[in-house]
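Please read it alongside the sequence and the coordinates.

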Amino acid sequence: MKTIIEPFRIKAVEPIRMTHLGERRQILARAHYNLFAIRSRDVMIDLLTDSGVAAMSGDQWAAIMRGDESYAGSPSFTRFEAAVKALMPFKHVIPTHQGRAAEAILFSLLGGAGRIIPSNTHFDTTRGNIEATGAEALDLPCSENGDPNSLALFKGDMDIERLKSLLEREGARVPCVMLTITNNAGGGQPASLANIRAVAELAHAFGKPFIIDGCRFAENAWFIKVRERGQSERSIPDIVRDVFACADGMTMSAKKDAFANIGGWLALNDDALAAEARTRLILTEGFPTYGGLAGRDLDAIAQGLAEIVDEDYLRYRVRVNEYVTERLASAGVPVVRPAGGHAVFLDAGRLLPHIPPLEYPGQALAVALYETGGVRGCEIGSVMFGRRPDGSEAPAAMELVRLAMPRRVYTQSHADYLIEVILAVHAERERLRGFRIVEQPLRLRHFTAKFEPLS
Ligand code: F0G
């Protein structure tokens, strides 16, 4: 059969409140056109993020009841640690309340003024945590990454030549090399096993630790299995273990590929660095056998890790985004191809060429999707990345709108509705206008900025 069905049945449901156009216009104005300021009950299809919004399985809810809330030495930690190490063979696994806490701890140790931390593309919290220490977060994506028309299979790869020349020129300033899999800010595109190995080899040749941001490791492994030569017969856990065996550490948000609503970890092989990280952890998160989490959260993560590597799930997961992307592309909507692992990325720059980057075409498109159909997506463009640490503005590399798919939450009819909403906005695209920012903080402005529509 060609139809790929959701590989699950639904046991508990959450109602979606139906809203109408006039109501949504008022809601937008009250939110100052920032979709982060809208209440979730006012959203019909919420694609703001795939983070922390997964539907947990019956087995995860059962695991939650097993959670042991002891301050030290909880068996929930033992189960969590074993589940992580079964896939990611690091010596030290340090739980944190979410991914950015792991980043904050890592960069408090490795960052600092004058340092440079390269990656394929840093996610915004990673960038924020690096810059907060005074270091520079440097993106070195492969050249295909910036081309939304390129159908290259591993657009999440890092540019090995540019990494090499950075290490040759500025090696003394580079404390570690990072790689984000999949490359979220670069379109949810995967990195190949060959590229991951090449980055690791280069980092090690220059004596630098190699750290993977592994948020969507299972999706990345699925892409390696189906797209990379010689990998198709291998199991997902085998591929995952190969990926992490190259690295000296990882940061992780369990809110992505662990099916958890909260959680994360920092894993390291270096004993001395891990000891320092645990000291920081105790100061900012909690004792090393719970990090910032409840014991029950650790159990939900342990069970989620066992479920996320299921091939039926991963095939369905990736297929949903391909389906939406194919339908949009065939209707002439500019969309990043191939489809990303966790999201569909609309190319607002090409969809709205009459809106200049610093009038935020991505914001205009995201607002129009909400107004037209109650769909909430997220601008990933000059609002998110256009402000430099010194306060000046420059256009981002791409103007995208990310429609991130929560795991196991929406169904095929939701996908069809989403396509219909996007096509309706596309048909009216010439009427859309840009925005002006009227209030904003210095960093991570997309969360709280206030906008005004330009007439
Ligand atoms: N790294 C990547 C690649 C991410 O996508 C995220 C979060 C983080 C780190 C931080 O993890 O949220 O647990 O602190 N991404 C979410 C998103 C927020 O919507 O893409 P966190």
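An oxygen atom of the ligand lies 2.6 Å from an N or O atom in the side chain of Thr49. The model is predicted: local features need pLDDT of at least 70, side-chain atom pairs count only at pLDDT 80 or more, and totals for chains, interfaces and linings use all residues. Residues are numbered from 1 along each chain as its sequence is written, and side-chain values use heavy atoms, with hydrogens and water left out.

**Ligand site**

- Around the ligand there are 17 residues, of which Thr49, Arg100, Asp213, Ser253 and Lys256 come nearest; a residue counts as near if one of its heavy atoms lies within 4 Å.
- In the side chain of Asn184, an N or O atom is 2.7 Å from an oxygen atom of the ligand.
- Arg216 places a polar side-chain atom 2.9 Å from an oxygen atom of the ligand.
- A polar contact is a pair of N or O atoms within 3.5 Å; within protein, one must be able to donate a hydrogen and the other to accept it, and residues adjacent in sequence count only if both atoms are side-chain atoms.

**Terms for helix packing**

- Two packed helices are described by the angle between their axes and the distance between the axes.
- Axes are lines fitted to C-alpha atoms, for helices over the stretch in contact, and angles run from 0 to 180 degrees between N-to-C directions.
- Helices (H or I, at least four residues) and strands (E, at least two) are DSSP runs, numbered from the N terminus.
- Angles under 35 degrees count as roughly parallel, over 145 as roughly antiparallel, 65 to 115 as roughly perpendicular and the rest as oblique.
- A crossing is left-handed if the near helix is turned anticlockwise from the far one by less than a right angle, and right-handed if clockwise.
- Contact means heavy atoms within 4.5 Å.
- Ala, Val, Leu, Ile, Met, Phe, Trp, Tyr, Cys and Pro count as nonpolar, Asp, Glu, Lys and Arg as charged, and the others, Gly among them, as polar.

**H2 with H11**

- Helix H2 (residues 58–66) and helix H11 (residues 295–308) have axes that come within 7 Å and cross at roughly 150 degrees, which makes H2 roughly antiparallel to H11.
- The crossing of H2 past H11 is right-handed.
- From H2, Asp59, Gln60, Ala63, Ile64 and Arg66 meet Arg296, Asp299, Ala300, Gln303, Gly304 and Glu307 of H11.
- The contact of H2 with H11 has three nonpolar, three polar and five charged residues.

**H4 with H5**

- Helix H4 (residues 99–110) packs on helix H5 (residues 124–132) at an angle of about 25 degrees, the axes being 9 Å apart; H4 is therefore roughly parallel to H5.
- H4 and H5 make a right-handed crossing.
- Arg100, Glu103, Ala104 and Phe107 of H4 meet Thr125, Thr126, Asn129 and Ile130 of H5.
- By class, the contact of H4 with H5 has three nonpolar, three polar and two charged residues.

**Backbone geometry**

- Most residues other than glycine have a negative phi, and most peptide bonds are trans.
- Ile181 and Thr182 are joined by a cis peptide bond with omega about -15 degrees, and Thr182 lies in the loop between strand E5 (177–180) and helix H7 (193–205).
- Another cis peptide bond joins Arg337 and Pro338, with omega about -10 degrees; Pro338 is in the loop between helix H12 (311–330) and strand E9 (343–347).
- His32 is not a glycine but has a positive phi of about 55 degrees.
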